[in-house]
Structure formats: C-alpha cells, structure tokens
Amino acid sequence: MSADDRIQELGIKVPLIPKPGGNYVHAVRTGSLLYLSGKGPLDSATGKVGADVSVEQAYEHARTAGLNQLSVMRNELSSLDEVVRVVKVLGMVNATPDFEQQPAVINGCSDLFIEMFAAAGHHARTAVGMGSLPGGITAEIECIVEVA
Amino acid sequence: MSADDRIQELGIKVPLIPKPGGNYVHAVRTGSLLYLSGKGPLDSATGKVGADVSVEQAYEHARTAGLNQLSVMRNELSSLDEVVRVVKVLGMVNATPDFEQQPAVINGCSDLFIEMFAAAGHHARTAVGMGSLPGGITAEIECIVEVA
Amino acid sequence: MSADDRIQELGIKVPLIPKPGGNYVHAVRTGSLLYLSGKGPLDSATGKVGADVSVEQAYEHARTAGLNQLSVMRNELSSLDEVVRVVKVLGMVNATPDFEQQPAVINGCSDLFIEMFAAAGHHARTAVGMGSLPGGITAEIECIVEVA
C-alpha cells in the first residue's frame with residue numbers, strides 16, 4: 001500500500017501548515033535529502049512536560065508535530081510516496097530540568113512515521129529536553145528524509 | 001551581484017575567527033555539503049535571553065554568530081560565491097525556561113544569510129532554547145551549506 | 001594502522017549496545033552518510049554537570065558515549081575501517097543553567113574519535129547544554145560519519 005493510500009486508510013488528517021514564524025522556509029532539498037525545519041504541535045499545546053503536561057499528553061503533541069511534518073513533505077513532494085526513507089528525527093521536549101522520559105514523548109512522532117511509511121519510516125533519532133521552545137510549545141520535531 | 005561583491009556593498013565586516021575552543025575543526029566537507037561547527041557571537045555577548053539580555057540585543061548576537069559562520073565559509077572555500085545554498089540552520093538561544101521568542105532572536109542570523117545570498121540564503125531552520133551554552137554566550141548558530 | 005587494529009592496540013573495549021529505548025533504530029545510512037542516533041554513557045552516569053557531576057567525570061561519560069557510537073558503527077559496517085571521516089558531532093550536556101564548559105566535557109568523545117581515526121576523526125562539532133536528558137544521563141552524543 002502506498003503512503004498516500006495509507007494516510008487515508010488510517011484516517012489521518014494532515015493539517016494545513018501555517019507560514020514559517022521567522023525568516024526561513026519549511027524545507028530545503030539538496031541532492032536526495034530533504035531537510036525539514038523544526039515544527040511543533042498546535043498553538044494550544046504549551047507548557048512544561050513533567051510539570052503542567054503529562055507524558056501521555058506530550059506524546060499526542062509529538063504526534064501532531066509529526067503530522068505537521070507530513071504536511072510539509074506532501075507540499076514539497078508530488079506525493080508522500082516520494083519518501084524513500086525517514087533518515088533522522090531530532091525530537092525536542094520542553095521539559096522540567098529533572099524530566100527523564102523524552103523518548104516516551106517523541107515516540108508519538110516515531111510511531112506515526114512507522115505507521116505511515118512502514119520499514120521506510122524507521123529512523124535514527126535523538127530525543128532530548130530543551131531549556132525552552134518557541135511560543136512555549138511542549139515538543140518540536142525536526143527531520144531529514146531521503147526522497148526519490 | 002556575487003556574494004563576494006555584496007559583502008563589500010553591504011559594508012559587512014567579516015571577523016577573523018579564533019581557533020576552535022575544543023578538539024574539533026571549524027568545518028568538514030562531505031560530497032557537496034559543508035558542515036559548520038556551532039559558532040557564537042563575541043565573548044562579551046553573554047547572559048540569559050529573557051532575563052539579562054533583550055530579544056533585540058540577542059538578535060544582534062545571532063547576526064554576529066552568522067558573520068562568524070560567513071568567515072568560516074570564506075576560509076574553507078575559495079570564495080563565498082561557492083555557496084550554492086544555505087541548507088539548514090540550527091539556532092540555539094541561551095534563554096530562561098519560560099522564554100518564547102527564539103525565532104525573533106535567530107532571525108538575526110537568517111536575515112544576514114538572506115541579505116548575503118538572496119534566494120540561495122533561504123534555509124530550513126530550527127530555533128530553540130538551550131539549557132546553557134559555552135562560556136555563557138547568548139546564542140549559537142550551526143549550519144549546513146551546499147557548495148559548488 | 002587500521003582503525004580495527006588501533007582499537008586493539010589502545011586496549012579500548014567497545015561495549016555491547018542495548019536495544020534502542022524508543023521506536024527508532026541505532027543508525028540509518030543514506031548515500032555515503034551514516035546517521036547515528038543519540039547515545040549516552042552508562043545508566044549510572046546520571047546527574048547535572050556543574051552541580052552533582054564534575055567536568056572531569058562528565059568528560060569520561062562523553063568518552064563512554066563515544067565508545068557506544070563506535071560500537072554502533074562496528075555493528076552497522078563490516079569494519080571500523082569503513083569509516084572515511086567523522087563528519088559531525090552534536091555533544092549534549094545535561095548541565096545547570098549557568099554551566100559554561102560544555103566543550104571540555106565533549107572533548108571526551110572528540111579525543112576518542114581522533115585517537116581512533118587520526119586525521120579522519122577530526123570533525124565539525126557543536127557542544128551545548130540541554131535542559132534535560134533521557135534517564136537523567138549527564139551527556140549524549142549524536143554523530144554523522146562518511147562511510148566507504
């Protein structure tokens with residue numbers, strides 16, 4: 001099944017992405033790699049994970065950030081089927097200084113990519129805690145994908 | 001107009017960069033990509049953005065960090081005109097835990113790259129808040145550029 | 001001397017790496033680049049650098065994280081001699097907000113890579129302080145290597 005079909009079968013709604021909140025672009029392609037700018041979840045998904053926000057809530061936010069990246073990919077490519085491999089994910093959590101469960105949060109995005117792309121969705125990853133994130137969002141995802 | 005001409009027209013002074021402050025090099029080229037090590041502003045540009053340092057001050061610091069990256073590029077390449085595209089910028093702000101305006105700070109670097117390289121300066125970007133930065137600097141820029 | 005011989009001569013013991021602690025893989029190759037997931041030191045190497053943990057201790061932890069990356073490389077490639085160049089290191093320190101010596105900590109990994117690979121071990125690098133790291137580890141290393 002193609003990625004474009006799978007997104008329909010899974011009933012995944014890919015959001016429209018807003019314009020970049022700074023002087024940059026959503027993605028740049030160089031050779032066979034597409035570098036995607038960091039993307040967060042919805043504006044309402046703010047707070048410190050480990051204090052105001054639970055791991056379960058932040059998991060959903062990381063999934064939403066991943067959906068925003070799928071939206072960028074679909075805008076940049078003719079089809080999500082052009083994605084050959086999700087190469088690398090940098091998952092950033094806006095957490096308290098003693099938070100330890102960044103991997104469980106970023107699984108929200110990783111699980112989505114593997115649902116979507118199956119074997120091609122398995123990626124190298126770093127999941128870490130930031131001091132702060134733009135607009136106070138709970139999580140942000142940056143990624144690199146290999147494209148056809 | 002070439003990038004080398006533009007830097008003169010804009011009256012931009014590219015600083016001499018000091019030796020790396022650790023066991024690493026300023027840049028590594030692999031294929032058509034040049035990976036540049038993280039660079040900060042001047043030594044005197046220290047403090048926490050959102051507390052000791054304003055967004056406007058940190059914007060200038062991010063611009064200075066960008067100038068330092070231009071200096072690295074010029075040292076590595078025969079000319080800044082060898083830069084085909086600024087692919088990716090990682091902008092890191094040494095901020096308080098509740099700081100939310102990282103994109104406005106990192107625009108200091110992004111605006112510079114677009115002044116310098118025009119369309120080739122438009123880059124994918126992540127702008128985030130770090131827990132701490134080397135020497136207490138306010139901002140640090142890492143980037144990847146495609147070269148001829 | 002080959003990297004495989006050097007690791008023996010130096011008496012370096014490369015640890016067995018545990019399974020990823022999340023829905024990701026240790027490494028993804030695309031073209032001639034191998035992207036390695038972030039790796040930390042041993043589970044017991046936890047705490048905040050600048051408070052509970054000294055720079056000297058954290059240097060050793062960064063070295064152990066680097067050994068874990070060597071282990072990943074050896075598992076992914078037929079031999080460490082397949083490493084053409086260590087391109088980029090992202091060194092992340094779990095530090096107090098006023099910590100300033102991230103480069104001295106991450107040298108633990110950089111020194112190891114240069115011992116191992118000599119000229120091919122010289123890499124671009126960013127060494128920064130995170131708000132928090134998974135499991136409370138003191139340091140984490142992510143890297144990109146060019147392979148044969």
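**View 1. Helices H2 and H3 of chain B.** H2(B) and H3(B) cross in a right-handed sense; a crossing counts as right-handed if the near helix is turned clockwise from the far one by less than a right angle, and left-handed if anticlockwise. Helices (H or I, at least four residues) and strands (E, at least two) are DSSP runs, numbered from the N terminus. This is a predicted model, in which local features need pLDDT of at least 70 and side-chain atom pairs count only at pLDDT 80 or more, while totals for chains, interfaces and linings use all residues. Residues are numbered from 1 along each chain as its sequence is written, and chains are lettered from A and ligands numbered from 1 in the order in which they are written. The axes of H2 (residues 55-76) and H3 (residues 102-117) of chain B come within 7 Å and cross at roughly 40 degrees (axes are lines fitted to C-alpha atoms, for helices over the stretch in contact; angles run from 0 to 180 degrees between N-to-C directions). H2(B) is therefore oblique to H3(B) (angles under 35 degrees count as roughly parallel, over 145 as roughly antiparallel, 65 to 115 as roughly perpendicular and the rest as oblique).

**View 2. The sheet of chain C.** Five strands form an open, mixed sheet in the order S1-S2-S5-S3-S4 of chain C; two strands pair if DSSP finds at least two bridges between them. Strand S1 (27-30) and S4 of chain C are the edge strands, each pairing on one side only. Neighbouring strands of this sheet are turned by 15 degrees against each other on average, direction ignored. S3(C) pairs with S5(C) (residues 139-147) in the antiparallel sense over nine bridges. Gly91(C) has Ile141(C) in S5(C) as its bridge partner.

**View 3. Helices on the sheet of chain C.** H2(C) (residues 55-76) packs on the sheet and touches S1, S2 (33-39), S3 and S5 of chain C, where contact needs C-beta atoms, placed from the backbone, within 7 Å. The direction of H2(C) makes about 35 degrees with that of S5(C). H3(C) lies across S3, S4 and S5 of chain C and runs at about 160 degrees to S3(C).

**View 4. The contact of chain C with chain B.** Here 29 residues of chain C are in contact with 23 residues of chain B. On the chain C side, S3 (83-94), H3 (102-117) and S4 (124-130) each supply at least two residues. That side has twelve nonpolar, ten polar and seven charged residues (Ala, Val, Leu, Ile, Met, Phe, Trp, Tyr, Cys and Pro count as nonpolar, Asp, Glu, Lys and Arg as charged, and the others, Gly among them, as polar).

How values were computed. Two residues are in contact if their C-beta atoms, placed from the backbone, lie within 7 Å.
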